[in-house]
Structures are given as structure tokens and as C-alpha cells.
Amino acid sequence: MSTALDPELMDYDEVIEKFDPVLGLEVHVELGTETKMFCACPTAFGAAPNTHVCPVCLALPGALPAVNERAVEYAIRIGLALNCSIAPLSRFARKNYFYPDMPKNFQTSQYDEPIAFDGYLDVDVDGETVRVEIERAHMEEDTGKSTHIGGSTGRIHGAEYSLLDYNRAGVPLVEIVTKPITGTGKSAPEVARAYVTALRDLLLSLGVSDVRMDQGSLRCDANVSLMRKDATELGTRTETKNVNSLRSVERAVRYEMTRQGALLEAGGTVTQETRHFDEATGTTNAGRSKETAEDYRYFPEPDLVPVAPDAGWVEELRAELPELPWVRRGRLQSEWGFTDLEMRDLVAADGVSLVEQTVAAGAKPAEARSWWGSYLGQAANARGVSLAELPITPEQVARVSTLVSEGSLNTKLARQVVDAVLAGEGEPDAIVEVKGLAVVSDDSALQAAVDEAIAAQPAVADKIRGGKVQAVGALVGGVMKATKGQADAARVRELILATLGVDGS
Amino acid sequence: MTSSAATDLTRRTAAELAADIASGEVSAVEVTQAHLDRIAEAEPQVHAFLHVSGELARQQAEQVDRARAAGEQPASSLAGVPLGLKDIVVQQGVPATAGSKMLEGWIPPYNATVTDRLRAAGIVILGKTNLDEFAMGSSTENSAYGPTHNPWDLDRIPGGSGGGSAAALAAFEAPLTIGTDTGGSIRQPAAVTGTVGAKPTYGGVSRYGVISLASSLDQVGPCARTVLDAAMLHEVIGGHDPRDSTSIPQPVPSVVDAVRRGQRDGVAGMRIGVVRQLSGDGYQAGVLSSFRRAVDTLAAAGAEIVEVDCPHFEYGLAAYYLILPSECSSNLARYDAMRYGLRVDTSAIGEPMETAEQVMSATRGAGFGAETKRRIMLGTYALSAGYYDAYYGSALKVRTLIRRDFDAAFDAADVLISPASPVTAFALGEKADDPMAMYLNDLATIPGSLAGIPAMSVPSGLAQDTGLPVGLQIMAPALGEEKMYRVAAAFESAYIAEHGSSVPQQVPPLGTPAGPESAATQERAS
């Protein structure tokens, strides 16, 4: 995408010069409960269509909902982890609108009385901490899934027919809504991405969801508006849906900023509407216009009594909260003695847990970071996979690291062992043995090579004898070459100097 | 068995039938068959049933007989007794329509909790009884399958929405039926058919599997010809159900014991409140005179009669007709032709059928009756942005005020009484085109619905002016069913003592309408 050349888009720097972006992020997370929000159907993803359904989630006449207590527990844990207040009494409401994939033709959702409200999440953007304020976290149910067959867009308009799968109908969701995020300037897209990333890590650490954006268990709607530098009122916002990856969050916000900037600069107005992000082109496209905004006729759900969690239970849940990801990162950083930059790179590469496990298996922290951060990082890049997906375990990395610190392997040999592990050739010790990769540490075997190297380069030997100790490198190189790299270079240096009768210290 | 023996079986009470089945005097199959025969005989004139499950009922009765033959204890004190189920309560494998074209042909794949409890008690389900569409109405004239006729006078309405359940009792087609009451749908039909019907405390009986009209008002309850039978059925269906979030987590009250106490001890020492706002204007003269006699009877039975004021009751009807339509507009949204029930092929009527909206719209247009549409539109409007506070919000406030009126009244009295219906059974067609006149039938029953308290109707006699039955409404505080049943039983006993027979025993043979003469006879006798 070349923003500068597209007349419908404004150059990003120009946008920042003229406007302040305002963001609002709505994240839907599918809870990892065994059963649905209001019935006992399983929530498992990927079952044959309409097999995880019952009278309740199909809205058969007479069926009534009953709240899944585990879902309430998860919602409270999310609220607590986001520093929210937990409502002693919250209510479900009905959001009424007709849509074929919603069996009751209303969504049971919390409205003006959410279970958690007024919190915040601190996120790290280029070393700066940005506090994102949380408006609310509320419980609701997912809809079913429509597949539109025929037509060009895959959307309902123009389709020949639609297929409905109600397996997802009634799966518990928590929607987390931020307050307007202002003052982020040119970092707005990065802040959006960092927020969703931090939220994802948090939810994962809480164990409340598998947070798979690709499967839709974490979905982000990005509200974006621009206000002129001198303006006092917020601009008209758009809501971009279908943002299915962390990278897309950033791209979608950036695109909307440049699109709205061009529109406003040309004297136009932003239409309040829902837009869809297109992963392939990196653009957003208009969807349902909110000009004909539906009246959802919210009213308190009369089939459900209010959710009134016992205060003691909430405190128990608070006490049982796991160490939050950023707290854990701070603790590990100080335990390991990493610099901020080192830690940030490691976090960015999703390597914190891997390093933690590698250290737990006996490696020194710096060694573990070095392996995962550089050599294995390159290997992962080359294969197009994440670090965790590499076919090597933290225990195996720790073993290689130990072999190096014991002097059994040098760096070059260690990399050969790691390559062999990645190639599926077995455990490090077995590879060392089978391939004969151990460092030659037998002095008598080395001495012959040292004598040969001195004999081969008498001029160099003379220089060293004359006091130019730094020239020893050439002779060490000769020995390493003769031993095919399997010697301990430091020991070779000592042996050469001793043979020449020079004090190398 | 002779025909007169069979007739005798259909005229017995549920308690008597259960005892006779338990003792082996008669088999459950014989009892069921006698009622199926009576249904076959009476239905062409009464039309109380939308579906008769003859074969299934016989199988259920056989189970009871087999269990007895095997020496097992009866499943309950009502084992083997047949019952009619209002066609808004689902029974697996048996068509359920809620009186609507919208659900024609739909076979529920599951049982309501009430159905499960009836079956677990060994009660035999004869079939599904007629009702106003989705329980909206006071005459059963809103049933998409034609009205039910009042056995006291076939040209008159049997009340509604549960007219089928009430008429089935009065026509001796069943000794027990199940009703649902949102604003009076158990009590008003009981009143105009001279039968007994009780609306339990809201949450006292599970609503799971009961097709919703207005969730915050709907309540399932027992209908019978005697107070004891109603109490026995109440104990079978009541009690907590985790599948209904609004169900009260308490055991069902001991209403059978309360009935026996009322029969034995009367109402001595009880304070009975007459609600000033629930008599007078809008109440038929014959209804009021019957009510006054009922008050005298209770006083004679030992009660202290007090008059109570409930000033906010006058707003009850208005609040009710905002809350009910609002909830109903949302509850009935699910009938959209996508998953079950009616689907209109609009192309067959020359209209486009390209979008889901067109199918939904055409189906809802064709499937719902006029009253249903009226209430959906009222509710949709009342909940709309900008109107919510003025309508739904205000109605909720009135509801709170009515609850407070009841709280104050129950400080002064143990139970409250009033006529259950302002009029006796009116003629079919008389009010069909006047929704407001129809709504006024629930004037006396709506306050108790809004407050969620238990309330029931027992026959107080026949009206002097029409010769038709009048219902006495007895209301008790939430969870106060025992007091309510005690008073009902005491009144019923006093009435029988005074008149020699209960009101349902005075139903004339079908097709020989009652008239003022019979009431006059009764007047003279009393």
C-alpha cells in the first residue's frame, strides 16, 4: 500500500500534523468454559454444524436460560485483572433485533449494569507505559454463524442462500470496552496493537480463554476518529470489524487514520458506520451504515435473576489471581539481570516462558536468552514459525548450554548439535556421541597438533617468542583447523604459549 | 363397566380416583378410558382440547396398573389420575401450538419440567387443552383453532386464556388440568366455569418448557373441581427447578395439609381483607351479591373481616398492558420461520422471497392473530428509544407501588378477597371486537399478577342475574399458599354445607343452559 500515491489517503505524517487520533477498542473474548453461557451444550470449536445445540440455545418455545456460574467466575477474574470494580449486583438485558443466526432474535447481554467497570490496563509502547482506561467488561452470548453461499462478496447481500450453524450460539463472551484513548498521537496504531497484545497475554495467563484471533475466540472492533488539533469535540467515528490478528489491529487503525484524514481535509465528513478490514489489501470497506441505526429496545432480561456474586467469593478470586504477565516479566527481568532492551526483545519474540523453562532446566539466563534470542530466533524466522513451534525443547537447549559451560562443546559445535536437534536427530548427548562432536580436551592429542602448527609457521613462532603474544591467533587457527574445530581454543592458546615458553597472562 | 359406572368415574374427584386406583377398586386404564370416552362425547360441543393423546394416555395408565400389580407403591397420591395439559406447556412428542397457527405441526423434542413432574407422579396426560393464542385473551376466542364453549352454556365463553383447561373440568372431561396465569388466565376461567384454579407465587412452579408470554408474570398452576384436588396437583408440580432461574429455591408449601386444616378448623382467628378497589364500578350486580354472600359465609366460619385500601390498583391494568406487551414483543421474536413452525412461501402468493427478512415478515404476518400482533406492536413501541422511560419505566414504578399496597394490606389481613372476575361468562362474540372490554375482565386478577403473589379462584355460587358461576378470589402474601388454600377449603366446605353440593356438581347437562331460575332456586335455599 503506497499511502502517499493514493488520493483517497493522506500521508501518515500529515495526519499526525493536522489531527489527533482518538481510539476506542472493543474486544470480545470467547470464554474457555466447557459449556455455553445459558445451557449445558459444549463450546468446543470445529464440531459438525448444529450438533452442539439444545432447546435453550436453539430458542425452542418454552426453553429458558440458566447462567453458567463458571462464566461468571471468568468474567470476574477478567474484571479483577483489569483493575475493575466488580458490581455486587449486575443484570442481563435483552438486545432486540432480528437476525437469522440469533435464535431468540434478541441477544442476552449485559447493558447498563455490567459485572465489571472502571479499570485500566498499562501497556508498553516503545519503552513508554501507556495507561488504557477500561470502561467496562460485560458478559454476553455469541451468535450462531451464517455462511452465505453464492454472490461475490460472501456477505448476506447478493447471496443465493445462507446456511446457519448454531453451534456457536450461546457460547459465553466477555466484551471489554475501553474509554476513549486520546493523546497517543503518532503511536495510536502501535498503542492499539500493544493493548490487544497485552490483553491477550493477560487473558491467557488467567486461563479464561485460548485467545485465538484466527479462530475468532479473540475479536477486536476498532473505533477510530480524528479531531483537528484545535477542535474541542470528538470527531465522527467508524467501527472497523473483522480485525483478525494483532498486526491487523495496527494496520486497520493506521488505514482509517489516513482515510479519514484525506476525507476531512477534502472538506468531507466521516460517516458513522461499521467497516470491515480486508486482510489482503490492508484496507477497510463500508459495511452496514449506522445512519439507519437500529433501536435495540434494551430491557432487563426477565428470565434471569440478577447476578449477585458473594463478596467473599470475589475476594477469593482476587487472592487466587495468577501473577499477571507484566508483573512476572518485571520479576524475571530482575532475577535474570537483563536490560530493558533485552527484555523487550525477548517479550516481542514471545520468548519469556521459553527462557524461563530453559533457566529452570539448568542454563544460565544470559545463555538461555542468547540461544532463544538470536540463533533459534533466526531458525524460527527461516522456518516461518514461532519460537515455541521449533522442534526443540527448553530442556534440550539447557543441556547444550550446560555442555558448553562445562567445556565439552564450543560455540560452533554447540550450534551443530542444536541444528541436529532441530533436524530431528535426537537428544543433544546422543548427537554429540554419534557425530563425535565433543571438544578435544586431551592435551597429548592436542600437543601434536600444536607442535605441527609451530613447525609450519616458524616466523610467527619467533614473533611470539619475541613478545608479540597477540600473534598467537594465527597458530591457534592452525590447530583448530587441524582438529576440525573440536579443540577448546583457550586451551590450545595456553598450550602454544607454554610450548614456546612465553607467559601469556 | 356400564355407561353409568363410567359416568360415575368422570364425576369423581382426583383424590377419590387416586384412592380407588391405589386400592384396586378401579384400574387406571378404566379411569383413563372413561375420560377418553367422555372427551369423545363432549368435544363436539365443548372443544376444550386441541389434541387428544388417547393411545399415549392408555399406555401411561397401563404403566400405573402394571406398577401396582408388581406390588410397587403408587408414584404419588395422584398416580393414575388423568389430566389435561394447557397447550402452552410442552410434552415431548406431542404437538404443541400455544393456540397459534405459528406453531401448527410443531412437535416438541423435550418435556417441560411440569410435564416431567406430572409423569414422575404417575399422572396420565389425556391431551392438550385449548387457549387464546400464546395465552393472550380472556375468552379463548383468540385461539387459532376455534373457541372453547362454556359447559354451563355452550353459547358463552369459558374464560381465557385457559378456557380449555377450565371447560374440560366443568364438562367432566378431566378431573385435573394445568393452567398458566399471566394476568388471570387461570383464575378468570375458573371463575366463569365454576371450577377451582390457583396461581402460585411467582417462581413457585417452574416455567421451563412453558411457552413464554410475559416472563416476569407467567406462572403455571393447578386447576380442578375441588380445592383439595388443586392442592394435591400443586404439590406435584411445585418446587425449585434449576432450569428456571426465576424459580424459588424452596420446597413447595404444604398446601394439602392446609386444605385439611381449612376443612377441619375453618377460618377461625383469621383476618380476611376485602379490597375496596376490587368491587363496585365495573362489577356485575350478580357478581357483587354473590361476593357479599361469600363474605358473610367466611365471617360465619369464624373470620374477622376487615376492609383494606389499595389505592394504586386502579393503575394496574394500564401498567400490565405495558409490561406484558413489552416482554411479549421480545419473547415472540423467536417465531421467525428459521428453525421450526410455520414458514410462508411468499413466492406462492406472488411476493418476492429473496431475503430472510421477507420470509420472516410474511410468516409473522400470516402466523400471528390480530390480538398477538396488537400486543407485539404495543410492546415494540413501549420499549423504543425515547419512550422506554415514559412507558415501560413508569409501568415498573406502578408495579412497585402495587406491591407496596399489598404489603400494607397484608399487615392488616392474612388474606385478601375479591370477585375473581367482574362478570359472569359472557356470550361468544360479545366482546371479540372490543379489546378494551376484553382487557377489563382481568381487572381483579391483574394486581396479584403484578405483585407476584399467590391467588386463586374458588366458586362462590351462581349469580342471581345470570345463573352462571361466580368466582371468589383469595390472595395471600408471597409464599403464603398455605393460608390461601386453608381459606379456600374452609369456604368450599361451608358452601357445600349450606347448599348440599359444590358448584361444579351443579353443572347442567351439556346443551341445557343454566339460567337465572337455578340461581333463584339457590337463593331461596340459602
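**Close-up views of a predicted two-chain model**

View 1. B:Tyr387 sits in the loop that links α13 (370-382) to α14 (389-412) of chain B. With a relative accessible area of 34%, B:Tyr387 is partly exposed. Together with B:Tyr381 and B:Tyr391, B:Tyr387 makes up a nonpolar surface patch, and the three share about 280 Å² of accessible area.

**View 2. The annotated active site of chain B.** Here we turn to residues picked out by a database record. An unreviewed UniProt entry lists B:Lys86, B:Ser161 and B:Ser185 under "active site". They are spread over 100 residues of sequence, yet they cluster in space, with a largest C-alpha distance of 10.9 Å. B:Lys86 belongs to strand β2 (residues 82-86) of chain B. Its relative accessibility is 0%, so B:Lys86 counts as buried. The unreviewed entry also carries the annotation "domain: Amidase" for residues 30-483 of chain B. That span is 38% helix and 13% strand, and its end C-alpha atoms lie 36 Å apart.

**View 3. A salt bridge between two helices of chain A.** Side chains of opposite charge can pair when their charged atoms come close. In this view, A:Glu265 and A:Lys18 meet in a salt bridge, at 2.8 Å from N to O. A:Glu265 lies in helix α4 (residues 246-265) and A:Lys18 in helix α1 (residues 12-18), so the pair ties together parts of chain A that are 247 residues apart in sequence. A:Glu265 is partly exposed at 34% relative accessibility, and A:Lys18 is partly exposed at 25%.

**View 4. Salt bridges within a helix.** In chain A, the side chains of A:Arg70 and A:Glu73 form a salt bridge (3.3 Å, N to O). Both residues lie in helix α2 (residues 69-81), 3 residues apart, or about one turn of the helix. A:Arg70 is partly exposed at 44%, whereas A:Glu73 is buried at 17%. In chain B, B:Arg38 pairs with B:Glu41, and their closest N and O atoms are 3.2 Å apart. These two are separated by about one helical turn because they are 3 residues apart in helix α3 (residues 28-46) of chain B. B:Arg38 is buried, with a relative accessible area of 17%, while B:Glu41 counts as exposed at 53%.

**View 5. A negative patch on chain A.** A:Asp124, A:Asp126, A:Glu128 and A:Asp340 form a negative surface patch. A:Asp126 occupies the loop between β5 (116-125) and β6 (128-141) of chain A. With 65% relative accessibility, A:Asp126 counts as exposed.

Conventions:
Residues numbered from 1 in each chain as written. Chains lettered and ligands numbered in written order. Predicted model: local features only at pLDDT ≥ 70, side-chain atom pairs only at ≥ 80, totals over all residues. Heavy atoms only, no water. Patch = residues over 30% accessible without salt bridge, like charges linked within 9 Å, V, L, I, M, F, W, Y side chains within 5 Å. Areas by Shrake-Rupley, 256 points an atom, 1.4 Å probe, with all protein chains shown as cover. Salt bridge = Lys/Arg side-chain N within 4 Å of Asp/Glu carboxyl O. Lys, Arg positive; Asp, Glu negative; His and termini not counted. Charge placed at Lys NZ, Arg CZ, Asp CG, Glu CD. Helix = DSSP H or I, 4+ residues; strand = E, 2+ residues; numbered from the N terminus. Buried < 20%, exposed > 50% of the residue type's maximum accessible area, 1.4 Å probe, protein only. UniProt positions renumbered as here; feature names shortened; annotations may be inferred.
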